[in-house]
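Me: I am new to this structure. Please take a close look at one part of it and follow the chain from there.

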Amino acid sequence: MGSDDVEQFVSGVIVAPPLEGAEEEKVTGGGFYRASSTKAATFGFNVQRKTADGPVTGELEYHNFLTDEDIHLSDFTSLTCADTNSDGLKDKCNFSGMGINKTTGMAVTCDVEVHDNNEPGNKPPRDSFSITGAGCAPSSGELDGGNIQIHKSS
Ligand SMILES: [Ca+2]
Ligand SMILES: [Ca+2]
């Protein structure tokens, strides 16, 4: 490739202007908490959106041994993360998704809220996981093991 070709290539690259508020969101997590004194709830998920107005993709597995729910979400409709204590790091994400309760075979729509407070997630102040929705019994707790991580915007 000659230098003229390089110039032509470089000048041909279109740099899109940044969108107002454009950002990538990505949150991942895996762990467990006590749903009761003797029963745990376990979860694992990754949810992300590559551009501000792009689709939300990901997966969530959630097994609550108290309610006997075994939920798999794979069709996400929203993801919002926020910095609630203004320290420059996002620490809370809300996302919603549709899927199935594998125990009952019923379709579910669940709203999940996670807080990323520490690494690992069971070190005070602990991370927390909360779920509710249509077909998802309300349950929440601070992590007894695992971690939730909100990834920095690129
Ligand atoms: Ca924060
Ligand atoms: Ca964390």
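**From one loop into the sheet**

Reply: Ser 86 sits in the loop between β4 and β5. Strands here are DSSP runs of E with at least two residues, and helices are runs of H or I with at least four; both are numbered from the N terminus. The model is predicted, and local features are given only where pLDDT is at least 70 and side-chain atom pairs only at pLDDT 80 or more, whereas totals for chains, interfaces and linings use all residues. Residues are numbered from 1 along each chain as its sequence is written, and chains are lettered from A and ligands numbered from 1 in the order in which they are written.

Ser 86 is not a glycine, yet its phi is positive, at about 55 degrees. Most residues other than glycine have a negative phi. Ser 86 counts as exposed because 6 other C-beta atoms lie within 10 Å. The cut-offs are 20 or more other C-beta atoms within 10 Å for a buried residue, 12 or fewer for an exposed one, and partly exposed in between, with C-beta atoms placed from the backbone.

A second case is Asp 68, in the loop between β3 and β4. Asp 68 also is not a glycine and has a positive phi, near 60 degrees. With 12 other C-beta atoms within 10 Å, Asp 68 is exposed.

β4 and β5 run antiparallel and are joined by 10 bridges; strands count as paired if DSSP finds at least two bridges between them. Ile 71 has Asn 101 in β5 as its bridge partner.

From β5 the next partner is β6, again antiparallel and over 10 bridges. The hairpin of β5 and β6 has 4 residues between the strands, and in it Gly 105 has a positive phi near 80 degrees.

Apart from residues up to four places away in sequence, Cys 110 touches Ile 71, Leu 73, Ser 96, Gly 97, Ile 131, Gly 133 and Cys 136. A contact means that the C-beta atoms of two residues, placed from the backbone, lie within 7 Å. Cys 110 is also one of the residues with the most contacts inside the largest nonpolar core, along with Cys 93 and Phe 129; this core has 26 residues. β1, β2, β3, β4, β5, β6, β7 and β9 each give two or more residues to this core. The most come from β4, with 5 residues. A nonpolar core is a set of buried Ala, Val, Leu, Ile, Met, Phe, Trp, Tyr and Cys residues joined through C-beta atoms within 7 Å.

β6 also holds Glu 113. Glu 113 is partly exposed, because it has 15 C-beta neighbours inside 10 Å. Glu 113 touches Lys 92, Asn 94 and Ser 130, leaving aside residues up to four places away in sequence. Ser 128 is 15 residues from Glu 113 in sequence and 8.1 Å from it in space, C-alpha to C-alpha.

β6 pairs with β7 as well, in the antiparallel sense over 7 bridges. Asp 111 stands opposite Thr 132 in β7. The loop between β6 and β7 contains Pro 120 and Pro 125. The peptide bond that joins Glu 119 and Pro 120 is cis, with omega about -5 degrees. Another cis bond runs from Pro 124 to Pro 125, with omega near -10 degrees. Most peptide bonds are trans.

These pairs belong to a wider arrangement. 9 strands form an open sheet in the order β8-β7-β6-β5-β4-β3-β2-β1-β9, with antiparallel pairing. β8 (136–142) and β9 are the edge strands, each pairing on one side only. From one strand to the next the twist averages 20 degrees; such angles lie between axes fitted to C-alpha atoms, for helices over the stretch in contact, and run from 0 to 180 degrees between N-to-C directions. Further along the sheet, β2 and β3 pair antiparallel over 9 bridges, and Ala 41 stands opposite Asn 64 in β3.

For the chain as a whole, there are 1 helix and 9 strands, in the order α-β-β-β-β-β-β-β-β-β from the N terminus. Of its 154 residues, 25% count as buried. Among contacts between residues at least 6 apart in sequence, 48% join residues at least 24 apart.
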